[in-house]
Amino acid sequence: MKYSALKGVHDLFPPDIYIWQKVESIADEVFSAYGFHELRVPIIESTDIFVRSIGETTDIVEKEMYTFPDKANRSITLRPEGTAPVVRCYIENHLYNQPSPQKFFYSGPMFRYERPQKGRFRQFYQIGVEAFGVPEPKLDAEILSMLKLFLERLGLKELSFEVNSIGCEKCRPDYKKALIDFFASKTVNLCPDCKRRYTQNPLRILDCKVDSCIELRAGAPQVTNYLCNECKEHFEEFQSSLKLLNISYIINPNMVRGLDYYTRTTFEVTSEHLGAQKAVAAGGRYDRLVEEFGGPPTPAIGFAIGMERLVEILKNKSETLETSPKVVLATIGKEADKEGLSIAEKLRAKGISVELGYGNSSLKSQMRRADRLKADYVVIIGDDELKSGRIKWKNLKDGSQGEIGIWEIEGFKGFY
Ligand code: ATP
Ligand code: MG
């Protein structure tokens with residue numbers, strides 16, 4: 001029988017995996033420099049955690065969740081995003097008792113039952129960050145700057161930063177009302193989803209990807225004109241911090257984001273190289289969510305990066321990230337094999353990557369293999385070498401070669 005992976009999921013293996021590892025290690029480095037600490041939360045949670053936070057009338061909750069009853073008939077959901085589990089963890093473990101702000105990053109798979117296509121998978125990976133305890137927009141700008149630095153460290157400069165403010169519970173009702181008035185005469189032409197959104201959650205219409213709805217919303221009232229004074233001030237201060245940090249951005253008043261928990265600042269990073277699914281990273285403030293989850297009132301902000309989309313952009317760059325062994329130990333004969341095995345172990349213990357020869361292959365084929373593996377050095381051990389106690393080395397990068405005593409090999413300068 002032939003098995004294949006489920007639709008919309010994918011395996012990861014070399015050489016692409018090297019890009020993933022590089023992205024993860026740079027994320028670790030950059031986010032740590034900003035005081036973020038890693039957090040690992042479960043992949044499964046109670047369904048209501050997502051329904052309550054993301055919102056019942058969002059695409060994720062309405063259509064995209066992997067939800068199933070477990071053996072005790074509890075409703076379980078494979079996490080579609082990371083913020084809700086992180087907030088649950090923050091409250092459940094009383095992390096708010098630690099000095100504020102508390103800053104975390106996470107990475108791992110997310111699950112959404114979407115139609116698989118370029119840039120859209122059913123199991124996809126995100127790296128995300130969440131910062132708790134600071135209401136000031138200075139933090140919003142710092143977080144965007146951190147994201148920019150991370151992308152620059154990966155060699156990505158030509159990305160756009162789109163920002164918006166979607167107000168707070170004080171001013172959003174006015175904006176909602178303005179939207180309802182605007183779409184009142186247009187409802188017949190909205191897509192079936194937006195017809196429903198019109199009554200339940202009109203902001204979502206601005207997020208709809210159906211062409212006719214995009215046309216219908218031209219000229220719709222813009223949220224930035226409906227912000228209360230506090231939100232307006234917050235948005236202005238956010239923008240002046242962005243300018244101070246030399247981050248170029250555009251305001252996209254239609255960016256309401258697909259999750260209900262956002263307040264004030266929202267943002268997306270997009271790339272023209274990605275086609276229709278062009279958002280590489282997205283996030284925003286969610287100042288009310290911790291309290292709604294039963295924690296103390298705690299402002300918060302975060303973002304998530306879509307790994308597959310990021311890797312897609314990086315793959316188009318020419319830099320190769322393959323890792324190759326430092327040394328290939330070519331051994332000829334049983335005795336040499338044994339000697340090779342113990343030398344390899346000693347070198348590996350010092351952090352040098354070593355590949356051994358297997359299966360009695362000829363010196364020629366072992367040399368060919370070393371070439372294919374792009375090793376830096378080949379070290380040759382045969383009967384003669386064992387007798388004399390001196391082994392041959394060759395540098396495959398510059399062609400230099402020589403001999404060295406077996407007992408000296410661990411200290412060979414070229415390996416370090
Ligand atoms: P989109 O508008 O593309 O559907 P979204 O608003 O649903 O995105 P978020 O929930 O904000 O996405 O997730 C943050 C990032 O995760 C997105 O910008 C994207 O890069 C990535 N992402 C979201 N859904 C998928 C998916 N199904 N497959 C791959 N990556 C995804
Ligand atoms: Mg989506």
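This is a predicted model: local features need pLDDT of at least 70, side-chain atom pairs count only at pLDDT 80 or more; totals for chains, interfaces and linings use all residues.

Student: In what order do the eight strands of the open sheet come, and what is the pairing like?

Tutor: Going across the open sheet, the order is β1-β5-β6-β11-β10-β9-β7-β8, with mixed pairing. At the edges you'll find β1 (37-38) and β8 (250-251), each of which pairs on one side only. Helix α4, residues 83-92, packs on this sheet and touches β5 (102-111) and β6. The direction of α4 makes about 45 degrees with that of β6.

Now zoom in on β10 and β11. These two run antiparallel, and five bridges join them. One pair to look for is Arg 285 with its bridge partner in β11, Ile 301. As background, strands of a sheet pair through backbone hydrogen bonds, either parallel or antiparallel.

The sheet also leads us to ligand 1. Its shell gets four residues from β10, the largest share. Around ligand 1 there are 16 residues, and the closest include Arg 112, Phe 121 and Ala 279. Sorted by class, the shell holds seven nonpolar, three polar and six charged residues.

Let's pick out some atom pairs. A polar side-chain atom of Gln 126 sits 3.0 Å from an oxygen atom of ligand 1. For Val 280, a backbone N or O atom lies 3.3 Å from an oxygen atom of the ligand. Altogether, the protein covers 91% of the 590 Å² of accessible area that ligand 1 has on its own. The elements giving two or more residues to the shell are β6 (123-132), β10 (279-285) and β11 (300-306).

Terms used: Residues are numbered from 1 along each chain as its sequence is written. Chains are lettered from A and ligands numbered from 1 in the order in which they are written. Side-chain values use heavy atoms; hydrogens and water are left out. A residue is near a molecule or strand if one of its heavy atoms lies within 4 Å of it. A polar contact is a pair of N or O atoms within 3.5 Å; within protein, one must be able to donate a hydrogen and the other to accept it, and residues adjacent in sequence count only if both atoms are side-chain atoms. Accessible areas come from the Shrake-Rupley method with a 1.4 Å probe; for residues, only the protein chains shown count as cover. Ala, Val, Leu, Ile, Met, Phe, Trp, Tyr, Cys and Pro count as nonpolar, Asp, Glu, Lys and Arg as charged, and the others, Gly among them, as polar. Two strands pair if DSSP finds at least two bridges between them. Contact means heavy atoms within 4.5 Å. Axes are lines fitted to C-alpha atoms, for helices over the stretch in contact, and angles run from 0 to 180 degrees between N-to-C directions.
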